[in-house]
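Thank you all for coming.

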Amino acid sequence: MKNNKFNRLLIIGFLSLMVVTACKKSSIVPDEPVTPTTVTPAGTREELTKDSIFLYSKELYYWNTSLPTYEVFNPRSFGSNEAELYALTQYSNDPTTGKPYEYVSSSAEPKYSFFDYTAATSGKTGALKADVNGSANDYGFSINYSTTDDLRVKYVYPNSPAAQQGLTRGCRITSVNGRTSLSYSTANVSFLYNAILGTNASVSLVFTDLNNNTKSVVVSSASYTVNPILYTHVYTVGTKKVGYIVFNSFTNNATAGLNSAFANFATQGVSELVVDLRYNGGGYVSTATQIINLAAPIAQNGSIMFTSYYNSYLQNITTAQRKASILAHQPLLDDAGKLQTFTTGVNGKYATYADLNYSSTSADNIERFAKSGNLALSRIYFIVTGATASASELTINSLKPVMDVKLIGKTTYGKPVGFFPIRIDKLDMYIPEFETKNQAGAGGYYSGLTVDKDAYEDYKKDWGNETETYLYYALAYANTGAFPLTAPKTASLKTSTLPLSSSLSTEEIKSVDAHLDPNGFKGMIMTPHGKM
């Protein structure tokens, strides 16, 4: 139970939410009308927002028991919302002992958390990448270093401005806005960030394509619909048909494309599948469950896919606590953003986060397999890197207990926790609110999922090239049942296409990814549902 002092602070949080959301019809619980004149709590709008950030975290944050008291934390002392969020997320639980400890990050970014400034008049850019929601307004490509002096295109979204200018994966960038000295350095990474991810309307590039042609282009930022399926193909490997799909983000507009791709694999008799998630930082849980059900054995129908676990306060919240909870002022929205209502009990009452059942034994928090499509797989390979995170890891972890799963590449990012948005005035707050575990009870992969075949990536090959390192290892295993000891060799030169060790360390590659990938979102977004 909270002490009286904290209850008084909680009331301040309620009032702050009443004041800052009263002007938003969709954010008011209709059976509890409030107006800005209901009460005027002490503090500025900014101070009340900072209070609300802390108070919501005190109830929803997965590691809420590690948070200090309001007085000790003093949310109003922070110079910005971002500074407060960073400080909040330095507290988490030791995954080994389960006991609270103060987490000190080596990054300047909040741990697994961010704000999305989506409300009108906020004056800030949302942190939730638009491409997770199926649209983008940028150049449409990403880069990284193959070696310290070899800058390559990692991927290009179909129909994006970059694609229209002829850029493809594997192209070598030799000039950016006139700068030709692009060797790996902190200064050059900063320059590239500003040139490619900044606010510039265009970027001038000189690049050499995969046919060794040099081209000079100007890529202008523009709006386009994101297609996260970058490539699909079916290979004949001995007597087997092996499917390959490059899936770059768990967007909420991928349903039709995924169904079509998997239906094509089934039609062509694919029995093993390679799912390339090397740059996939996550997205919507609903899209992850779709892929899982497309790939899973039909025999798993009805069995547990994964379970979501909330903090102990939420799992054991009492009726009295629900009524007094700040969550009662957070409306429950459906996938379309509309208010959910109760269909039983109090008909017509709008539901809030306080009405949800957070128990891990509740059917609301247990996802079960429901096979879709006709694809029957004997084995699935996942291509992964340190950029593979969250919903990607959920997909892999959920399939591990139910079929033969092989991982190729580098250890994944490590994010077994997810979130749903908390609206506070002009921002949506995303903080870890739940952790997922598969049917075997396995989760907690905070250090990432380890691979069966560790290898360096070959940035010089386009998607689908059978000598591209990661795809090569998958196809080789499909053919022989074992991973080759050495990297692929070209047919003409009979030499390895990649050095045994990269001139950039894994951590350096991760660092560049974190700075230069417009698809660098690391998250697992779930729309909370209850049996209303």
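Predicted model: local features only at pLDDT ≥ 70, side-chain atom pairs only at ≥ 80, totals over all residues.

Let me begin with Asn159, which is found in the loop between strand S6 and helix H5 (161–164), where helices (H or I, at least four residues) and strands (E, at least two) are DSSP runs, numbered from the N terminus. Residues are numbered from 1 along each chain as its sequence is written, and side-chain values use heavy atoms, with hydrogens and water left out.

Why stop at Asn159? Most residues other than glycine have a negative phi. Asn159 is not a glycine, and yet its phi is positive, at about 65°. With a relative accessible area of 59%, Asn159 is exposed; here buried means under 20% relative accessible area, exposed over 50%, and partly exposed in between, with a 1.4 Å probe and protein chains only. Ser390, in the loop between strand S17 (379–384) and helix H11 (391–399), also has a positive phi, near 55°, but at 0% relative accessibility Ser390 counts as buried.

Now to the strand just mentioned. How many of the seven residues of strand S6 are buried? Seven of the seven, across residues 150–156, are buried, so the strand is largely enclosed by the rest of the structure. On one side of the story is strand S5 (residues 141–147), which pairs with S6 in the antiparallel sense over six bridges, and two strands are said to pair if DSSP finds at least two bridges between them. These strands, S5 and S6, form a hairpin with two residues between them, and within the pairing Tyr145 stands opposite Leu151 in S6. S6 also pairs in the antiparallel sense with strand S7 (residues 172–176), over two bridges, and there Arg152 stands opposite Arg172 in S7.

Arg172 brings us to charges, since the side chains of Arg172 and Asp150 meet in a salt bridge at 3.1 Å, N to O; a salt bridge is a side-chain nitrogen of Lys or Arg within 4 Å of a carboxyl oxygen of Asp or Glu. Arg172 lies in strand S7 and Asp150 in strand S6, so the pair ties together parts that are 22 residues apart in sequence. Asp150 is buried, at 5% relative accessibility, whereas Arg172 is partly exposed, at 32%.

By this rule the count comes to 17 salt bridges. Another of them joins Asp425 and Arg45, whose closest N and O atoms are 2.8 Å apart, and this pair links distant parts of the chain, with Asp425 in the loop between S20 and strand S21 (427–430) and Arg45 in helix H2 (residues 45–60), 380 residues apart. Asp276 and Arg278 also meet through their side chains, at 2.8 Å, N to O, and salt bridges that share partners join Arg169, Asp276, Arg278, Glu457 and Glu468 into one network.

Arg169 has a further neighbour, for its charged end sits over the ring of Trp463, 4.4 Å from the centre of that ring. The rule here is that NZ of Lys or CZ of Arg is within 6 Å of the ring centre and within 35 degrees of the ring normal.

Rings also pair with rings: those of Phe, Tyr and Trp (its six-membered ring) pair if their centres lie within 6.5 Å, and planes under 30 degrees apart count as stacked, over 60 as edge-to-face and the rest as tilted. The count comes to 27 aromatic pairs by this rule. In one of them, the rings of Tyr353 and Phe420 have centres 5.0 Å apart and planes at 90°, so the pair is edge-to-face. Both Tyr353 and Phe420 are buried. Tyr477 and Phe483, by contrast, form a tilted pair, with 4.6 Å centre to centre and 50° between the planes.

Let me finish with helix H13 (residues 506–516), in which Ile509, Val512, Asp513 and Leu516 are buried. They cover an arc of only 105° around the axis, which puts them on the same side of H13, the arc being that of the directions from the helix axis to the C-beta atoms. Which elements cover them? They include S5, S6 and helix H6 (186–197), where contact means heavy atoms within 4.5 Å. The face of H13 turned away from this buried side carries the exposed residues Glu507 and Ala514.
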